[in-house]
Amino acid sequence: MAAGEEEAFNQLFNKYWDKVYSTALVLTKSNQIAEDIAQEVFLRMWQNRHKTDIIDNLEGFLFITARNLIYNKLSRLKLEVAYTNYIQHHFTLSGPDTETQAEFRQLKTILEEGMRQLPPQQQKAFRLSRENGLNHEEISLQMGVSRATVKDYIVRAIAFLRKYLQDHALEVFLLILSNFK
């Protein structure tokens, strides 16, 4: 895998996915969060594949990575809940103004542009997961591919979209800043 062989990554992915997912599920008590954590673990492993040859205990590395991501995710969730409550309260009092609605539409347009650049199967799997709320098993049945393939599509889609948004960070940042005039 350190040499970039996808087949080696796929073997590790298939071997350890259930263990990483199960651990995340036990700690988070949420299928969606556990799935996101497991995807992130394997995404990071793929992104840092050139370093994997120095890992002595791969299983330990995967679980420590998952644990750290879970702690970070749970901390972020607390902040997101507080922020969501603030936003809901703010919009309940004043309602979203036309400018804010336009900014949200622009942000959604940027994300949509990124999603349109995904290969068709990745795009379909990602949309079924994120927009329709389907789990990997439901997506695999609907698309006629294995669960592992669905997981791979979604992990790759997330990686691409993160990079796409990073590449368009200035555009997103200016959009957000315009909200604070």
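Student: Is Glu-59 buried, exposed or partly exposed, and how do I read that?

Tutor: Glu-59 is partly exposed, at a relative accessible area of 32%. Here buried means under 20% relative accessible area and exposed means over 50%, with partly exposed in between (1.4 Å probe, protein chains only). A word on the model: it is predicted, so local features need pLDDT of at least 70 and side-chain atom pairs pLDDT 80 or more, while totals for chains, interfaces and linings use all residues. Residues are numbered from 1 along each chain as its sequence is written, and side-chain values use heavy atoms, leaving out hydrogens and water.

Student: Which side chain does Glu-59 meet in a salt bridge?

Tutor: In general, side chains of opposite charge can pair when their charged atoms come close. The test here is a side-chain nitrogen of Lys or Arg within 4 Å of a carboxyl oxygen of Asp or Glu. Glu-59 meets Lys-19 this way, at 3.8 Å from N to O. Because Glu-59 sits in helix α3 (residues 58-94) and Lys-19 in helix α1, the bridge ties together parts 40 residues apart in sequence. Helices are DSSP runs of H or I with at least four residues (strands are E, at least two), numbered from the N terminus. Lys-19 is partly exposed too, at 37% relative accessibility.

Student: How many salt bridges are found in the whole structure?

Tutor: The search finds nine. One of them joins Arg-156 to Glu-6, with the closest N and O atoms 2.9 Å apart. That pair links distant parts of the chain, 150 residues apart: Arg-156 is in helix α7 and Glu-6 in helix α1 (residues 6-28). Another pairs Arg-44 with Glu-40, at 2.9 Å from N to O. These two both lie in helix α2 (residues 31-47), four residues or about one turn apart. Salt bridges with shared partners also join Glu-6, Asp-152 and Arg-156 into one network.

Student: At what angle do α5 and α7 pack?

Tutor: Two packed helices are described by the angle between their axes and the distance between the axes. Axes are lines fitted to C-alpha atoms, for helices over the stretch in contact, and angles run from 0 to 180 degrees between N-to-C directions. For α5 (residues 120-130) and α7 (residues 147-167), the angle is about 95° and the axes are 8 Å apart. They are therefore roughly perpendicular; that term covers 65 to 115 degrees, with under 35 roughly parallel, over 145 roughly antiparallel and the rest oblique.
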